[in-house]
Amino acid sequence: MLEVFIFATLNGLVTGFLLFMLASGLTLIFSMMGVLNFAHASFYMLGAYFAYSLSLYFGFWTGLIFAPIIVGVLGAMVERYGLRRVHQSGHVAELVFTFGLAFLIEESIQFFWGRDTKNYQTPELLDFPLFTLLGQEFSAYRGFMMTISVGIFIGLYYVLTKSRVGIIIQAAITHPQTVSNLGHNVPLIFMGVFGMGTALAGLAGVIAGPVLTTFPGMATVLGSIVFVIVVIGGLGSLAGAFIASLLIGLLQSYAIASDVGMPDLLNLLGVSFERGHPLNDLWTMNLPQIAPVLPYLLLVLVLIFRPTGLMGKREE
Amino acid sequence: MALLKNSSIWIAFLVALLGLPLVFDSILAISIMNQIAIAIVFALSYNMLLGQGGMLSFGHAVYFGLGGFLSVHALILIEFETMVFSILWIPLIGGVFGLLAGVFIGSFSTHKAGTVFAMISLGIGELIAASSLIFSSFFGGEAGISGDRTFGPTFFGFDFAQNIEIYYVAAVWAFIATVFMYLFTQTPAGRMANAVRDNPERAEFIGYSSRKVRFISFCASGLFAGIAGGLFALNYEFITEENLNAATSGRVLLMAYIGGLGYFIGPIIGAVVLTLMNSLLSNYSELWMLYLGIMFLLTVMFLPRGFAGFIMMHQLAWVRGNMKMLIKPYIITGIPAVLFAACVIALIEISHTEDEVFHYLGLELNPASPITWLVLLGIAGGAFYAVKRSVLQLNDAWETANAIPKEEEA
């Protein structure tokens, strides 16, 4: 029982930090432009596919470095030539634009790479168990994923709060006019942040691709979860996104690892229902089964009872 | 009354709906027209939310799907004679359950419009789609559930085994639903929905609860989406989880947006165009979804008000009698634009095809030869340059056609 708990926690943390790499970019972009980028997870998918193609010719490590850069440049172009144009038509148009972009990226990936799952492998260098605990192995690659994501988290925190660039970015979020008057090129900052955010998503794709499988549906699988995180954490709040990422990661991991369900609960209460009842599914469902639903349930509950999210500011 | 004033349009719409099967009577055409009738109701119900109420929903398929599932269950009940009534009323059952779902979900999701509403709709959509796979005795799991529409009392001898019979049922329901949705826009509730969309604060100051106004639109929209779901159930006699998940929600958003949100007729145009593309293009190319994505992005970027908005842009020039000034510039820009699109499509297709020879617009292209590529790229480049140059004169012509005459200015 103990090892199940420990490994569920470790896997939950790995997922949580990975989700934070996506959520941090998304929430930064939101606080700058006021638009939720529906295509964010699509850039994550692009990262995985670019890294896969690069890894075929130059090995995993080249992909790790260059794929996020390509994705970031693509993201910056999308902001410059697409979003900036649509911005004039209002927020709904921007949301719909990113929604269409997500659709287009998924179709393009099927066009260039095909519909099948790609055999994107973990590098041989990391193909060993990092440690064995109570008879279970924890792979070195998962440790590597965790190292990268924690490194990104610390780096991002440092850049945003300590460096000059980060201070200008923070100022541009709240007072774009003033920052512009001080002689900074605010549209360029926006483009840079969008590029950085998508590059982070791309990096998440590169390191997640081998573990979570690289296939055209991978953006859809993760995309809505990342939204859930950003909204639960409070739109525009980096700290909230961090807490919510870990929360969702651990929640899903525990739910999958556990084997309790309604039958146990009913036994505990001393109630029993015969099988074959029309609501049979309700009495027999268990936690691993409903694990995929939990984030959305949490989202709806948070939005009803605390529409600003955990750490969000009050809406005006 | 506004309806009577435009009654000629409505009669034309009804005649078109009922007369189409006389013109196009192939099996394929009937099945496409069935889909169009369903799509029109669904897209119009979506427009009640986004176009008229300003609520961007990413989970509208929930009401469509729930209406559809209940309708199929009703079909099953009719089949086993638990209930006895004509299947003509099935869409109403779908509508009632769409409405109930709307009342329940709308009671907590319409507090705010904007991003919060969009996120709640996304969450609910995902929640219900995922739950439908868990509760497999009701939703039938991945395979879905199926019924049979030929049971129950016949209607003047029709047992609805043929698709054409269902088309008339769908057409009449689509007409009724369209009339009612139009009438809704003319009621005070419909008018206030527009006001709340544009400025909720001012609407509150006049004394309307913006939340209540949104709630009414939301419920009405759920009702009509449910009717569309019921029509879907009648047409296909089965329904799966796919009909209430995010993909269907996305499709209806595409339809309404490409057609044009601000106009009542917009979603109808969008529904017709997208259904036709879906059924006809998919025969010619497996890449039609890619083209759809490109078309959608171009629409959002260059025609933010959709096709209907593009048509209505010409109203001023039309009223002034200046349309003929625009014809020549349109042709000059249009020909290279079409040529450019044709070349790009050819390039995409030949890079994807595995055949030796690719047949395209009566030409035989050889995908392996670099000459094909160079020629296509050359034409595409030339056409693009021509479009860029000729857009300037189109702009000039547009300005003159819409210019305010001197005496009016004074």
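Which domains does the domain assignment give for chain B? There are domain 1, covering 2-306, and domain 2, covering 315-409. Keep in mind that this is a predicted model.

**Domains of chain B**
- If you take the centres over C-alpha atoms, domain 1 of chain B and domain 2 of chain B sit 34 Å apart.

**Two helices that cross in chain B**
- Two packed helices are described by the angle between their axes and the distance between the axes.
- For helix H9 (residues 188-198) of chain B and helix H11 (residues 210-236) of chain B, the axes come within 9 Å and cross at roughly 120°.
- Because of that angle, H9(B) counts as oblique to H11(B).
- The crossing of H9(B) past H11(B) is left-handed.
- On the H9(B) side, the contact uses Ala189(B), Met192(B), Ala193(B) and Val196(B).
- H11(B) brings Ser210(B), Val213(B), Arg214(B), Ile216(B) and Ser217(B) to that contact.
- Sorted by class, the contact of H9(B) with H11(B) has 6 nonpolar, 2 polar and 1 charged residues.

**Where chain A meets chain B**
- Chain A puts 38 residues into the contact, and chain B puts in 33 residues.
- Several helices of chain A give two or more residues to the side touching chain B, among them H3 (60-86), H9 (218-233) and H14 (294-305).
- H4(A) supplies the largest share of that side of chain A, with 13 residues.
- Split by class, the residues on the side of chain A that touches chain B are 28 nonpolar, 7 polar and 3 charged.

How values were computed: Residues numbered from 1 in each chain as written. Chains lettered and ligands numbered in written order. Predicted model: local features only at pLDDT ≥ 70, side-chain atom pairs only at ≥ 80, totals over all residues. Contact = placed C-beta atoms within 7 Å. Helix = DSSP H or I, 4+ residues; strand = E, 2+ residues; numbered from the N terminus. Nonpolar A, V, L, I, M, F, W, Y, C, P; charged D, E, K, R; others polar. Axes fitted to C-alpha atoms, helices over the stretch in contact; angles between N-to-C directions. Parallel < 35°, antiparallel > 145°, perpendicular 65-115°, else oblique. Left-handed = near helix turned anticlockwise from the far one by under 90°. Domains from an automatic or database assignment.
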